[in-house]
Amino acid sequence: MVGMDRPFRSLTRRACLGSGLALAACDRAARGQPPARPAALPPLKAVAPFPVGSSVATDQIADPGFAALFAANFSQLTPEWEMKMERVLKPDGGFDFAAADRIAGFAAATGARLHGHTLIWYAQDEAPAFRRIDGSPGFENAYRNYILAVAGRYRGRAVGWDVVNEAVAEDGEGYRDCLWSRNLGPDYVAKAFGYAREADPGAVLFLNDYNLENLPKKRATFLRLAERLLAQGAPLGGLGSQTHLSMDTPPGAVRAAVADLARLGLPIHISELDVSTRSDRPSLMSPADRLERQARLVGEAAEALAALPAGQRYAFTAWGVRDKDSWLIRPPRGNPGEDHPLLFDDAGRPKPAAAAFAAAVRNRR
Ligand code: G3I
């Protein structure tokens, strides 16, 4: 498989399909540590009635422990960074797909579905190749060519794309102002969906956003945008709720958000789940309390997705595999050991959140 990392080549799919215990032991053995305590948990993808995904970055796939743990437990991946404009579009307008191709190769080698992320995002509108033509007549053509080049490259390999990410204003009052909206108007969203469909007739095309659980007003604006896109005939195929949660996320908020988002009848992607365990709440000072609260929130999210009709369960994606893989503990946001946001600990052992996920979806297949 082109672009595969050497450490990963040595891991055949068969070797990767061992139990979570074997793989965690593999990771710990590779690090000269004693075997982990028995993990009674089956691989997550074996118990879930929908694809179980994780974000993946190129530095992670070079780590045999990560690769084995991912391959055993996950059936879908989202490139954490490598398919974004800031990585693929060079200042001269050319493309560098080397890192993105490595991630796509890792997906193919592990038999995981590939979910593309993300074509158009307000946070990536500093791209010199676009800034240079800001306000010029050729802007829309360049916008279309960008989407055709990126989504077209993974045509037939990406099962879905986050076509537009975070279009709704932070507080839910309307939509974000960005280079795309200033040059193309609010229809930059519908145009992006049209060009993505032109690039890939088969991919499920998503609108993706965050804080849809704790800001009902933002969720309402997000749903109004989705309804407008559908009314315009845009090929909107699914709704992504990033689901970045915290110790302060109220019980029931995730369930309510998923049910509300699902009322349009589109597939739902819990697209970037993590649950930060940082909290200055005295009542949650104990690590065990935090992990228990995290487990309850992960179980709620998994249950909410599993409760949807099968056709609306696109995937459940965590934004990382092991705590140490999380963006939340990478500078400048944080430092190693300061947060424990994911389903597996640094040694690759399943945490209470992983057990809560399995319990929530068991018998839903
Ligand atoms: O790997 C390069 C390194 O070689 C280089 O020296 C360094 C210079 O800045 O950059 C490194 O790349 C960084 C990359 O993460 C890989 O770690 C980029 O700077 C940094 O911008 C990038 O941050 C990503 C961020 O999105 C912006 O793209 C995070 O990893 C990623 O977790 C985060 O994910 C976002 C979702 O796409 C959208 N939802 C929110 C989520 C969290 O912010």
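**The ligand and its shell**

Mentor: The shell around the ligand is made up of 4 nonpolar, 5 polar and 6 charged residues. The model is a predicted one, and this should be kept in mind throughout. There are 15 residues around the ligand, and those that come nearest are Glu80, Lys84, Glu86, His117 and Glu272. As for its location, the ligand sits in the largest pocket.

Individual polar atoms can then be considered. For Glu86, a polar side-chain atom lies 2.5 Å from an oxygen atom of the ligand. In the case of Arg330, an N or O atom of the side chain is 2.9 Å from an oxygen atom of the ligand. With Glu166, the ligand atom concerned is a nitrogen, and the distance to an N or O atom of the side chain is 3.3 Å. On its own, the ligand has 790 Å² of accessible area, of which the protein covers 55%.

The charged pairs of the protein may be set beside this picture. A search of the whole structure finds 22 salt bridges, and three of them, given here as examples, can be examined one by one.

One of these salt bridges joins Lys218 to Asp209, with 3.4 Å between the closest N and O atoms. Lys218 has a relative accessible area of 0% and is therefore classed as buried. Asp209 is likewise buried, because its relative accessible area is 0%.

Another salt bridge links Arg131 with Glu126, and here the closest N and O atoms are 3.6 Å apart. Arg131 has a relative accessible area of 31%, so this residue counts as partly exposed. Glu126 has a relative accessible area of 56% and is therefore exposed.

A further salt bridge is formed where the side chains of Arg263 and Glu227 meet, at 3.6 Å from N to O.

Methods
Residues are numbered from 1 along each chain as its sequence is written. This is a predicted model: local features need pLDDT of at least 70, side-chain atom pairs count only at pLDDT 80 or more; totals for chains, interfaces and linings use all residues. Side-chain values use heavy atoms; hydrogens and water are left out. A residue is near a molecule or strand if one of its heavy atoms lies within 4 Å of it. A polar contact is a pair of N or O atoms within 3.5 Å; within protein, one must be able to donate a hydrogen and the other to accept it, and residues adjacent in sequence count only if both atoms are side-chain atoms. Accessible areas come from the Shrake-Rupley method with a 1.4 Å probe; for residues, only the protein chains shown count as cover. On a 1 Å grid over the protein atoms alone, a cavity is a set of points where a 1.4 Å probe fits but cannot get out, and a pocket is an open set with protein on both sides within 12 Å along at least five of seven lines; lining residues have an atom within 4 Å of a point. A molecule sits in a cavity or pocket if more than half of its atoms lie within 2 Å of its grid points. Ala, Val, Leu, Ile, Met, Phe, Trp, Tyr, Cys and Pro count as nonpolar, Asp, Glu, Lys and Arg as charged, and the others, Gly among them, as polar. A salt bridge is a side-chain nitrogen of Lys or Arg within 4 Å of a carboxyl oxygen of Asp or Glu. Buried means under 20% relative accessible area, exposed over 50%, partly exposed in between (1.4 Å probe, protein chains only).
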